[in-house]
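Thank you all for coming. Please have a look at the structure on the screen while I talk you through a few parts of it.

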Amino acid sequence: MTVDSMATLVNLDDFEAAARALLPAASFDFIAGGAEDELSIRWNREAYQRRAIRYRILIDVTKRDMSVVVAGSRLPHPIILAPTAYHLLADPEGEAATARGAAAAGAVMTVSTNATLPMEDVAAASPGAELWFQLYAHRDRATTERLLLRACAAGFRAIVVTGDLPVLGRRERDIRNAFGLPSGMALANLDDRPGRADQMPFTWAEVPWVKALTGRPVIIKGLVHPGDVARAIEAGADGIWVSNHGGRQIDTAIAPLDALEAIVAATAGAVPIIVDGGIRRGSDILKALALGADAVAIGRPQLWGLAVGGSAGVQRVVELLRDELSNVMALAGCRSLADISRDLVT
């Protein structure tokens, strides 16, 4: 779609419907699907829908500041692109287009280990963009080390360690579709490895090694249990990312928004908190921030934008959320993210 035609897509649900119409069924299912009965996908969304905003009135909200600092990165708004795989399924320029769209919208892009373009090409496609690298540790420790050192050399500002994938979740849409990467498409960061590599036994003990090797802030992604917070902080985490992998790993996993407050309490302000899972509206972002998150991340919506309009589609998806957040902040009486207090959500 052209930029002009995208003007008719006024929210993220519109982008999802447009992406469904454009993508091959198996590719759309790979993006949309989750584990087993996909209850966690539904619960992620419902966690936002069942919470209400108790807004304030008669406040001068002419100017609104959405800026935030997360893990050393100063951001103009709290919207981050979560790591997602296989962007070439959605657009011929793949992750390079996503990076340009994210940069144009002022969003961090978290580039997946399972990208379909080399991380260096993604960085080169958008000079000066705020890029983080998401790590899947591999059984061959040398491969993991090479990935991390390549990310540092390419200018990635932080390392996001995904901790909730010791094995792959049972994704039944992909099983039914016999899903696999099309011919000529591969996991570009893994050199001669044509398919998904086996995970190395990666535990809390490995986190200090990642920090020492890279000298970058390390964010631990996949926490939903408050009992893991102390382990993360003791291991040297510079941020915590509350996530159930978009409902793609354990079905009936707790929704990240429902897990958030207990993790915020356990963190006690020691490190910033990111939350993902089911965010589709600016009002969802306000609710997440009110419950204690510092920033939010979107996964599937960035791929819908990419499928519909390439880099411009990614930019448009982020800007829709940004503008909706600005609007709902004004309506709720908030002039900055610091004004988004716990009492605004019930």
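This is a predicted model: local features need pLDDT of at least 70, side-chain atom pairs count only at pLDDT 80 or more; totals for chains, interfaces and linings use all residues.

Residues are numbered from 1 along each chain as its sequence is written, and side-chain values use heavy atoms, with hydrogens and water left out.

The protein chain has 13 helices and ten strands, where helices (H or I, at least four residues) and strands (E, at least two) are DSSP runs numbered from the N terminus. Its radius of gyration, taken over C-alpha atoms, is 19 Å, close to the 20 Å that the globule rule gives for 346 residues, so the chain is as compact as a globular protein of that length; that rule is 2.2 Å times the number of residues to the power 0.38.

Now to helix α3 (residues 25–32) and helix α13 (residues 300–332), which pack at an angle of about 155 degrees with their axes 9 Å apart. Axes here are lines fitted to C-alpha atoms, for helices over the stretch in contact, and angles run from 0 to 180 degrees between N-to-C directions. The two helices, α3 and α13, are therefore roughly antiparallel, a label for angles over 145 degrees. On the α3 side the contact (heavy atoms within 4.5 Å) is made by F28, I31 and A32, and on the α13 side by R300, L303 and W304.

Finally, what volume does the largest cavity have? It comes to about 470 Å³, a cavity being a set of points on a 1 Å grid over the protein atoms alone where a 1.4 Å probe fits but cannot get out, and a volume being the space filled by probe spheres set on the points. Of the 30 residues lining this cavity, with an atom within 4 Å of a point, the closest to its centre are P83, T84, H245, R248 and G299. Helix α13 gives the largest share of that lining, three residues.

Definitions and conventions:
Angles under 35 degrees count as roughly parallel, over 145 as roughly antiparallel, 65 to 115 as roughly perpendicular and the rest as oblique. On a 1 Å grid over the protein atoms alone, a cavity is a set of points where a 1.4 Å probe fits but cannot get out, and a pocket is an open set with protein on both sides within 12 Å along at least five of seven lines; lining residues have an atom within 4 Å of a point.
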